[in-house]
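Q: I would like to learn how to read the domains, interfaces and strand pairings of a model. Can we go through one together?

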Amino acid sequence: MKKEISWLYKELPKLVQQDIISADTAKLIKEYYGPVTERDWKGIGLTIFSILGTILIGSGIILLLAHNWLQLTRLTRTIIIFLSLISTQIFVGWVIYNDKSSPWKEGSTSFLIFILGAAIALISQTYNLPGDFNNFILVLMLLNLPIIYLAQVTLPAFIYVLGISIWGINLNNTMEVLFIWPLIGLILPYYFKRFKKDLYSNSNLLLLWEVILASIIAISLSLEWSNAGLVTISYSSYFLLIYLLGSLFMNKGEKLLERPLQTIGMLGILIISYIQGFEDVDSIEIFNAAFIDYFLAVLFFATCVFLVVKYYSSFNKLILSLAILPLLVIFTFLIPSLRIFIYNAYLFYLGILIIVYGIKEKKIGKANLGMLIISVQIISRFFFMFEITFLTRALIFIILGLAILASNIFLSKNRGEKNEDQ
Amino acid sequence: MKINRPKLVILFLIVVIIQLTVPASMIIKRELILRQGESFKFKTAPIDPYDPYRGRYVALDIREDYAPLPESRLNISRGDEIYAHLKKNQEGFAYFNKVTLEVPTEASYIKAKVTYINRKENKIYLDLPFERYYLDENIAPLVEKLYRKLNREENPNTYIKVRVKSGAAVIEELYLDNQAIIEFIKNNKEKYQED
């Protein structure tokens with residue numbers, strides 16, 4: 001919409017000049033649509049360059065220290081550490097206190113992370129400490145966390161979630177890895193505050209995408225993975241959960257990137273259904289798993305049930321159809337022989353439903369997603385199923401191709417009419 | 001979240017102090033060990049990998065990184081923390097003469113994790129905090145070459161000097177062919193350039 005309005009505003013003076021509308025009408029139109037907030041491109045550019053500069057200088061300093069100068073005594077090293085750390089802190093303090101613009105804040109607070117990291121690395125070098133990269137990352141992230149709250153910055157927040165994820169991935173100890181949840185949780189109050197203000201700003205979208213992916217990593221690290229059934233329940237419920245949350249609370253995004261919850265949720269649901277349709281397992285043990293596996297499976301499943309029951313009336317058929325996946329997962333544990341059939345039928349059904357919604361909402365992207373699902377289904381199921389004759393397979397492919405062409409022609413025709421109307 | 005300024009200043013100062021405390025305490029702990037700790041020598045064989053974040057170092061392979069398995073067969077497994085008691089042999093090199101689960105009162109000791117237990121040889125292998133010795137980027141490859149050359153000709157005496165205090169240990173110096181590393185480089189530089 002924004003684009004159209006700013007285009008309209010540019011046209012208004014011309015229209016007034018040509019006497020098509022009066023100056024008063026032009027004013028009324030402007031009042032009706034309200035002011036267009038143009039993106040501050042200069043500000044964005046400055047922020048990007050300040051971040052780039054920080055990363056380059058920070059990496060340079062780390063490499064400079066990595067050289068490990070023979071001439072430096074332990075005392076000199078200590079002085080270097082504290083001088084650089086304190087001067088950076090003073091600089092950051094000055095930036096925060098004077099509420100400087102975003103490029104200053106992002107650049108200086110990110111630089112502080114580098115300097116702190118370099119300080120700890122230099123100490124490890126000086127005293128020949130055994131390499132413990134993971135502890136190093138964790139300490140560094142936690143030391144910088146409060147700065148994110150005080151300076152209200154994006155890049156250090158992004159680095160925090162990234163660092164915590166790396167920490168989790170590097171851990172081998174299964175019990176310790178559960179701390180990834182409170183660690184990610186520590187940044188969430190800040191995120192909620194930001195998201196409340198403007199969910200769709202570029203920086204907030206970036207943080208949201210990252211934290212959703214981090215949560216998926218956290219689940220995979222927390223699960224014991226000894227029990228395939230519980231893992232499937234956990235993941236299918238979790239993907240459904242974020243999809244439902246997206247359709248309830250974040251449904252105004254127009255582009256794919258503006259709908260992280262729905263995009264990741266939908267992708268997860270489709271991938272799980274697809275994989276499940278391949279697995280030819282007789283029965284799956286549902287017992288003998290770690291407590292956390294049961295806990296996550298029950299938690300995610302119950303939350304989905306709660307959301308579906310509470311918001312039943314505001315969900316359309318497509319959302320409700322996606323919502324039955326966790327039930328299918330449970331059902332196919334009870335009757336594993338129906339497994340392949342159920343998931344294939346389910347994916348076909350979803351594909352068709354998505355095409356229908358795509359046509360209904362006049363969204364060619366959605367319609368094509370439906371096509372893609374069905375095409376992948378057909379190619380992977382029928383192309384390699386040699387018990388089906390070539391003739392049958394040939395027919396299926398031709399029909400599929402025709403369906404795609406027909407619906408595309410239908411959609412583009414529709415679009416053409418729409419344009420003429422305008 | 002708009003925090004008023006006096007509050008912001010106080011919060012920021014607290015964060016700054018915490019940030020400074022971490023490196024400060026790391027340094028103070030090691031300095032105390034280096035100044036007050038008892039000195040031990042461990043025989044070692046250095047090799048040279050590369051750590052992109054911390055620069056060049058010599059990886060240390062401690063020869064006596066095990067203690068005898070006690071007859072009582074302590075209830076320990078891999079990853080458990082134990083106390084390894086230190087002794088010196090006739091040549092003055094350190095070795096571990098026993099392990100306990102309790103903090104020793106009389107002997108010097110190092111707190112370490114068990115890496116694995118060899119029941120056949122009755123040995124408990126330990127994860128000692130001496131993994132690496134950092135060197136100047138220009139010097140590390142030189143040391144490696146010299147050491148290799150030396151190693152081919154004779155059996156050089158290579159060891160580290162560490163300081164131990166209340167279970168924690170810090171490396172003080174690396175010795176190649178009975179010389180501190182800096183001296184070793186000075187004495188052998190011409191030899192290296194001749195090649």
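Q: How far apart do the C-alpha centres of domain 1 of chain A and domain 2 of chain A lie?
A: This is a predicted model, in which local features need pLDDT of at least 70, side-chain atom pairs count only at pLDDT 80 or more, and totals for chains, interfaces and linings use all residues. Residues are numbered from 1 along each chain as its sequence is written, chains are lettered from A and ligands numbered from 1 in the order in which they are written, and side-chain values use heavy atoms, with hydrogens and water left out. Domain bounds come from an automatic or database domain assignment. For chain A the assignment gives domain 1 (1-38) and domain 2 (48-130), and their C-alpha centres lie 51 Å apart.

Q: How much area do chain A and chain B bury between them?
A: The size of an interface is often given as the accessible area lost when the parts come together. Buried area here is the accessible area (1.4 Å probe) that two parts lose on being put together, summed over both. Chain A and chain B bury about 3800 Å², with 66% of it on carbon and sulfur atoms. On the side of chain A, A:Tyr127, A:Asn128 and A:Leu150 supply 17% of the area buried against chain B, more than any other three residues. Contact, defined as heavy atoms within 4.5 Å, involves 45 residues of chain A and 38 residues of chain B.

Q: Which side chains meet in a salt bridge, and how many residue pairs are in polar contact between chain A and chain B?
A: A salt bridge is a side-chain nitrogen of Lys or Arg within 4 Å of a carboxyl oxygen of Asp or Glu. The rule finds 1 salt bridge across the interface of chain A and chain B; B:Glu31 and A:Arg74 meet in a salt bridge at 2.7 Å, N to O. A polar contact is a pair of N or O atoms within 3.5 Å; within protein, one must be able to donate a hydrogen and the other to accept it, and residues adjacent in sequence count only if both atoms are side-chain atoms. Between chain A and chain B, 6 residue pairs are in polar contact, both residues being at pLDDT 80 or more.

Q: Which elements give two or more residues to the side of chain A that touches chain B?
A: Helices (H or I, at least four residues) and strands (E, at least two) are DSSP runs, numbered from the N terminus. The elements are helix H3 (41-66), helix H4 (74-97), helix H5 (102-126) and helix H6 (133-151) of chain A. H4(A) gives the largest share, 11 residues. By class, this side of chain A divides into 27 nonpolar, 14 polar and 4 charged residues, where Ala, Val, Leu, Ile, Met, Phe, Trp, Tyr, Cys and Pro count as nonpolar, Asp, Glu, Lys and Arg as charged, and the others, Gly among them, as polar.

Q: What area is buried between domain 1 of chain B and domain 2 of chain B?
A: The assignment for chain B gives domain 1 (1-36) and domain 2 (37-194). The area buried between these domains is about 620 Å², of which carbon and sulfur atoms give 69%. B:Ile33, B:Leu34 and B:Gln36 supply 83% of the area that domain 1 of chain B buries against domain 2 of chain B, more than any other three residues. The count between the two domains is 0 salt bridges.

Q: Which residues stand opposite B:His85 in the strands S6(B) and S7(B)?
A: Two strands pair if DSSP finds at least two bridges between them. S5 (residues 81-88) of chain B pairs with S7 (residues 109-118) of chain B in the antiparallel sense over 5 bridges, and B:His85 stands opposite B:Tyr109 there. S5(B) also pairs with S6 (residues 94-100) of chain B in the antiparallel sense, over 6 bridges, and the bridge partner of B:His85 in S6(B) is B:Lys98.
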